[in-house]
Amino acid sequence: LWIIVIVEFLTIIISLIFINIQYPNLFQKQPSVIVIDIFGEVISSDYQTNDNNVIYAQSLVNLLKKYEKDNSIKAIILDIDINGGDILGGSMLAAQIRLMKKPVVTVVRDNALSGGYYIAASTKRIFANELSNIADIGVSRMIEYPTSQGYKSCYISTSDIKVMYYNNCDSIDSFEYEIDKSDLSIQTEMMATEIASFRNLSKNYVMKYSDGTIFNGNEALNLNLIDQIGGVQEANDWLEQQLGEKLEIVYSGQIKKI
């Protein structure tokens with residue numbers, strides 16, 4: 001009985017080897033592009049929150065590293081709807097994207113605002129819907145200052161447009177306020193400098209639009225803030241052309257914080 005089992009097992013192995021020689025691609029995964037759905041705000045993992053609309057940058061970094069090692073995945077599409085986040089989280093993700101050997105492109109589903117645009121700009125190409133919201137470059141922060149009536153919470157921002165939506169802290173006479181305002185200006189300039197480098201634009205050009213202005217997809221295209229009107233299919237078509245092979249579109253599902 002054991003001899004029969006062994007003979008049958010060897011027969012199966014030999015058959016599989018023969019099939020693999022005749023059809024070498026039969027048991028290989030089809031080359032694919034993975035679509036990563038990113039919705040909400042990207043923040044650094046150092047800040048803990050129970051908000052379900054945030055994603056930790058480190059979770060996304062880990063995911064990119066995982067897909068970098070998967071030989072069946074030839075490219076990555078970030079399908080984003082990001083309306084901000086902290087600058088550290090955006091910087092962490094942008095740095096990893098720039099290290100990737102596989103092409104990473106962005107499709108803006110709805111919003112690529114502030115830190116979301118910073119992340120999109122770090123990818124090789126940005127696709128967006130005509131009605132997408134793009135840019136809103138600038139940094140804002142909520143802070144608390146001591147007053148004679150106790151502590152007051154308010155926002156400071158490098159953007160005159162953003163200040164219109166927030167409480168203004170200018171009435172607070174505080175040396176700390178001036179330090180925070182200066183710090184945000186430095187962060188905005190750093191973001192604009194990197195965006196300019198990513199997009200092959202001048203720093204002065206990007207700084208001109210770092211006032212919180214939001215553009216639709218067509219306006220952003222005319223300003224060279226994105227590359228093409230389109231979605232996932234158009235992004236896949238472009239990647240296939242760049243890589244010279246057909247790609248199966250695979251969806252990873254929405255990323256949860258880890």
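**Exercise 1.** Identify which residues of the largest nonpolar core touch the most other members.

*Solution.* Step 1: a nonpolar core is a set of buried Ala, Val, Leu, Ile, Met, Phe, Trp, Tyr and Cys residues joined through side-chain atoms within 4.5 Å; buried means under 20% relative accessible area, with a 1.4 Å probe and protein chains only. Step 2: among the 54 residues of the largest core, I38, I76, L78 and I134 touch the most other members. Step 3: helix α6 (residues 175-199) gives this core its largest share, seven residues. Helices are DSSP runs of H or I with at least four residues, numbered from the N terminus.

The model is predicted: local features need pLDDT of at least 70, side-chain atom pairs count only at pLDDT 80 or more, and totals for chains, interfaces and linings use all residues. Residues are numbered from 1 along each chain as its sequence is written, and side-chain values use heavy atoms, leaving out hydrogens and water.

**Exercise 2.** List the residues that L78 touches, not counting residues up to four places away in sequence.

*Solution.* Step 1: contact means heavy atoms within 4.5 Å. Step 2: the partners of L78 are I36, I38, I97, V104, V105, T106, V107, I119 and T123.

**Exercise 3.** Describe how helix α2 packs with helix α3.

*Solution.* Step 1: the axes, lines fitted to C-alpha atoms over the stretch in contact, of α2 (residues 57-69) and α3 (residues 87-99) are 9 Å apart at an angle of about 10°. Step 2: α2 is therefore roughly parallel to α3, a term for angles under 35 degrees between N-to-C directions. Step 3: the residues in contact include L60 and L64 in α2, and L93 and I97 in α3.

How values were computed:
Buried means under 20% relative accessible area, exposed over 50%, partly exposed in between (1.4 Å probe, protein chains only). Helices (H or I, at least four residues) and strands (E, at least two) are DSSP runs, numbered from the N terminus. Axes are lines fitted to C-alpha atoms, for helices over the stretch in contact, and angles run from 0 to 180 degrees between N-to-C directions. Angles under 35 degrees count as roughly parallel, over 145 as roughly antiparallel, 65 to 115 as roughly perpendicular and the rest as oblique.
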